[in-house]
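Morning, everyone. I have one structure to show you today. Please take a look at it first.

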Amino acid sequence: MIQPRAGVAFSLAAAGDLRNDRAARAQFSAELGIPTAWATVRQVHGSHVVEASGAGDLGEADALFTLRPMLPVAVFTADCAGVVLGADNGVGIAHAGWRGAVGGVVSRLIAAMTDAGAVPRWAAIGPFISPCCFEVGPDVAGLFGDHVATTSWGTVSVDLGRSLQGQLEGLEAWQSGLCTFHDGSSFSHRRDATPARMAAVAWLPA
Ligand SMILES: [Zn+2]
């Protein structure tokens with residue numbers, strides 16, 4: 001796992017499929033000292049945000065936040081990015097692939113948290129398919145403006161990390177630097193068509 005600071009953790013493939021494997025999720029939670037019951041959403045590559053007041057499935061959305069201490073909020077990824085936003089009195093998390101980035105899911109999460117009185121002070125972005133490997137067609141590249149890049153094999157890609165950083169209104173985000181596609185420690189849907197997912201989980205410490 002990667003734990004860049006208190007209240008946020010990103011799992012790697014070695015932790016198992018934390019979306020579907022309850023025993024793996026319990027083990028991961030125990031290692032972190034957090035409850036096994038997480039607040040989650042049914043991710044649809046959109047930009048809807050919900051507030052969590054308890055654990056469980058909160059319906060279709062791609063971002064969630066909570067003001068409740070020790071209520072873990074989580075998203076599940078295998079190439080998309082998990083983006084964590086921390087406030088003094090709350091924590092939020094977003095699932096962002098290229099559709100989420102274009103749809104402004106991180107901007108919407110910042111707005112929702114700010115409206116709820118929890119202004120984000122820090123950000124952390126977990127492993128995602130990086131510009132070295134995130135080959136896209138001209139249709140997707142055209143949506144990314146200045147954040148078009150080149151793969152390690154010379155074709156057009158997009159830089160999801162820079163695009164998401166651009167939504168952070170000046171907050172400097174910690175980034176893992178791991179590319180899910182070419183780093184063997186991660187699940188990658190594009191590489192393997194795997195149904196397994198890593199977790200990005202965040203919580204407001206007690
Ligand atoms: Zn790569």
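Predicted model: local features only at pLDDT ≥ 70, side-chain atom pairs only at ≥ 80, totals over all residues.

Residues are numbered from 1 along each chain, as its sequence is written.

The protein chain has six helices and 14 strands. Those are DSSP runs, numbered from the N terminus: helices are H or I, at least four residues, and strands are E, at least two. Along its principal axes, the C-alpha trace spans about 45 × 35 × 30 Å.

Next, burial. A residue is buried if 20 or more other C-beta atoms lie within 10 Å of its own, exposed if 12 or fewer, and partly exposed in between, with C-beta atoms placed from the backbone. Of the 206 residues, 49% count as buried.

Now the core. A nonpolar core is a set of buried Ala, Val, Leu, Ile, Met, Phe, Trp, Tyr and Cys residues joined through C-beta atoms within 7 Å. The largest one holds 61 residues, and Leu109 is among those that touch the most other members. Touching means contact: C-beta atoms, placed from the backbone, within 7 Å. Beyond four places in sequence, Leu109 touches residues including Val49, Phe65 and Leu85.

Last, where is Thr36? Thr36 sits in the loop between helix 1 (22-32) and strand 3 (39-42). Thr36 is partly exposed because 14 other C-beta atoms lie within 10 Å. Leaving out residues up to four places away in sequence, Thr36 touches Arg25, Ala26 and Ser29.

Conventions. Contact = placed C-beta atoms within 7 Å.
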